[in-house]
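Visitor: I would like a quick tour of this model. Can we take the backbone first, then the surface and a pocket?

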Amino acid sequence: MFGLEALDLARIQFAFTISFHILFPAITIGLASYLAVLEGLWLKTGNDTYRDLYHFWSKIFAVNFGMGVVSGLVMAYQFGTNWSRFSDFAGSVTGPLLTYEVLTAFFLEAGFLGVMLFGWNKVGRKLHFFSTVMVAIGTLISTFWILASNSWMQTPQGFEIVNGQVIPTDWLAIIFNPSFPYRLMHMATAAFVATAFFVGSSAAWHLLRGKDNPAIRTMLSMAMWMALIVAPIQAVIGDFHGLNTLKHQPAKIAAIEGHWENHGNEATPLILFGWPDMKEEKTKYAVEIPYLGSLILTHSLDKQVPALKEFPTEDRPNSTIVFWSFRIMVGLGFLMIFTGLWSLWLRKRDTLYTSRPFLYLALWMGPSGLIAILAGWFTTEIGRQPWVVYGLMRTADASSNHSFMQMSITLIMFVVVYFALFGAGLGYMMRLVRKGPKTDEGKETNDGGPGQKRTPARPLSAADDDGAEHDRSLTKEI
């Protein structure tokens with residue numbers, strides 16, 4: 001069907017599940033650090049606005065964290081069900097790295113998550129803040145190990161192959177492989193930026209609907225400061241990451257650039273737009289800027305970038321896909337930088353919270369960080385093809401021996417279940433966002449405690465308040 005084989009369906013299935021999964025850890029990483037900052041500011045200043053925002057975003061964090069754990073478990077099982085040959089070949093490296101993630105990050109998060117979510121007014125303020133910080137650190141440690149494993153698949157080192165299996169010889173070399181530092185920084189920063197625009201979009205939504213209070217303004221202000229500072233830093237990290245990729249995976253860079261061949265000693269142009277055609281081996285309708293490709297990728301005006309025709313046909317990534325996924329990521333990155341700069345200009349004019357054109361931009365930029373992350377992962381993973389472990393094992397040799405029918409049925413089941421389950425979860429999370437933070441201006445908030453009336457400390461109880469109030473109002477009218 002559609003010219004696809006069982007291998008193609010296995011790749012689509014893994015791409016589908018990881019695309020769902022990666023959205024949740026990205027927000028979890030950013031929100032965990034955001035919550036730590038909010039609670040720290042509340043303890044330092046005594047400003048209840050930070051406390052109100054902490055309670056609001058902790059509920060969203062809890063729902064997001066749960067969906068991230070569930071979707072991550074599915075991916076782990078797929079290594080054994082769909083990619084058993086890969087597990088047999090490289091499991092001695094990837095298995096321990098994922099185990100280290102569980103033993104360090106997951107146990108750390110699990111140990112302090114209960115205190116963070118349910119310990120308000122049950123433990124001391126300092127212990128509660130410590131728990132929040134530990135959860136935030138746990139998410140970053142998790143990122144460390146996951147990126148170490150994935151980066152080793154991109155730039156493997158510290159091993160030898162014995163009887164067709166990878167045998168680790170230097171764990172420090174495995175963990176700190178050549179691409180790891182760049183990819184770790186790029187992913188962690190992307191998570192912070194994505195969360196900033198998620199938070200900023202939520203604030204813009206409320207401001208556009210006339211809900212203007214200190215909590216909403218603080219949300220927008222903190223989000224835009226993060227965008228202003230971190231988005232340009234992300235661009236710099238991306239440049240270093242690109243130089244590293246050019247050194248270790250030149251075919252990926254050639255595919256990203258849609259660059260097929262060099263002419264004499266001419267510098268490499270930058271193709272802004274076009275359509276790379278894998279069959280005709282050229283980029284159609286190309287819009288080029290002379291010399292700029294060499295300047296960006298080699299930081300010179302005369303050095304050439306490797307071209308796709310310099311690599312065997314069977315070793316070329318799909319340029320049509322990565323050419324555009326990369327440009328989507330970069331284009332959104334420039335929009336993020338522009339949004340941050342515009343927010344600074346409006347802040348100086350004291351119109352940050354009232355400029356409707358800007359608020360609409362901030363609203364629509366809400367999913368931009370997540371879309372950019374997906375586009376970046378597509379670029380990275382598809383650009384690595386046809387290798388599952390770069391230069392060592394081809395993707396075609398890594399899959400399990402499943403039939404086309406088996407892969408078709410399981411793929412359909414994944415699509416149906418994921419859209420039903422995680423669609424409901426995302427819908428509930430958006431319902432929480434639409435409610436906005438609760439504030440009691442001029443009054444002391446009743447956070448509960450022994451003998452006190454309070455809302456149960458459960459994320460799922462948070463969305464019931466509006467429904468209960470709606471029911472009471474209907475009863476009065478009747």
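Guide: Asn121 sits in the loop between α3 (84–118) and α4 (125–154). Keep in mind that this is a predicted model.

Visitor: What is the phi of Asn121?

Guide: Asn121 is not a glycine.

Visitor: Is Asn121 buried, partly exposed or exposed?

Guide: Its relative accessibility is 43%. Buried needs under 20% and exposed needs over 50%. Asn121 falls in between, so it counts as partly exposed.

Visitor: Which loop holds Asp350, and what is its phi?

Guide: Asp350 lies in the loop between α10 (319–348) and α11 (356–364). It is a residue other than glycine with a positive phi. The value is near 60°.

Visitor: Why does Asp350 count as exposed?

Guide: The cut-off for exposed is over 50% relative accessible area. Asp350 passes that cut-off because its relative accessibility is 67%.

Visitor: Where is Pro386 found, and is the peptide bond from Gln385 cis or trans?

Guide: Pro386 belongs to the loop between α12 (368–384) and β5 (387–389). The bond from Gln385 to Pro386 has omega near 10°. That bond is cis.

Visitor: Now the surface. Which residues form the nonpolar patch, and what is their accessible area together?

Guide: The patch consists of Val70, Ile412, Val416, Val417 and Leu421. Together they have an accessible area of about 450 Å².

Visitor: On to the second largest pocket. How much space lies in it, and which residues lie nearest its centre?

Guide: The space comes to about 1300 Å³. The lining has 50 residues. Nearest the centre are His186, Gly238, Phe326, Met329 and Val330.

Visitor: Which element gives the largest share of that lining?

Guide: Elements giving two or more residues to the lining of the second largest pocket include α6 (180–208), α7 (214–248) and β3 (270–277). The largest share is 12 residues, and it comes from α7.

Visitor: How do the lining residues of this pocket divide by type?

Guide: Charged residues number 5 and polar ones 18. The nonpolar residues number 27.

How values were computed
Residues numbered from 1 in each chain as written. Predicted model: local features only at pLDDT ≥ 70, side-chain atom pairs only at ≥ 80, totals over all residues. Heavy atoms only, no water. Patch = residues over 30% accessible without salt bridge, like charges linked within 9 Å, V, L, I, M, F, W, Y side chains within 5 Å. Areas by Shrake-Rupley, 256 points an atom, 1.4 Å probe, with all protein chains shown as cover. Salt bridge = Lys/Arg side-chain N within 4 Å of Asp/Glu carboxyl O. Helix = DSSP H or I, 4+ residues; strand = E, 2+ residues; numbered from the N terminus. Buried < 20%, exposed > 50% of the residue type's maximum accessible area, 1.4 Å probe, protein only. 1 Å grid on protein atoms, 1.4 Å probe; cavity = no way out; pocket = protein on both sides within 12 Å on 5 of 7 lines; lining within 4 Å. Points joined across faces, edges and corners; volume = space filled by probe spheres on them. Nonpolar A, V, L, I, M, F, W, Y, C, P; charged D, E, K, R; others polar.
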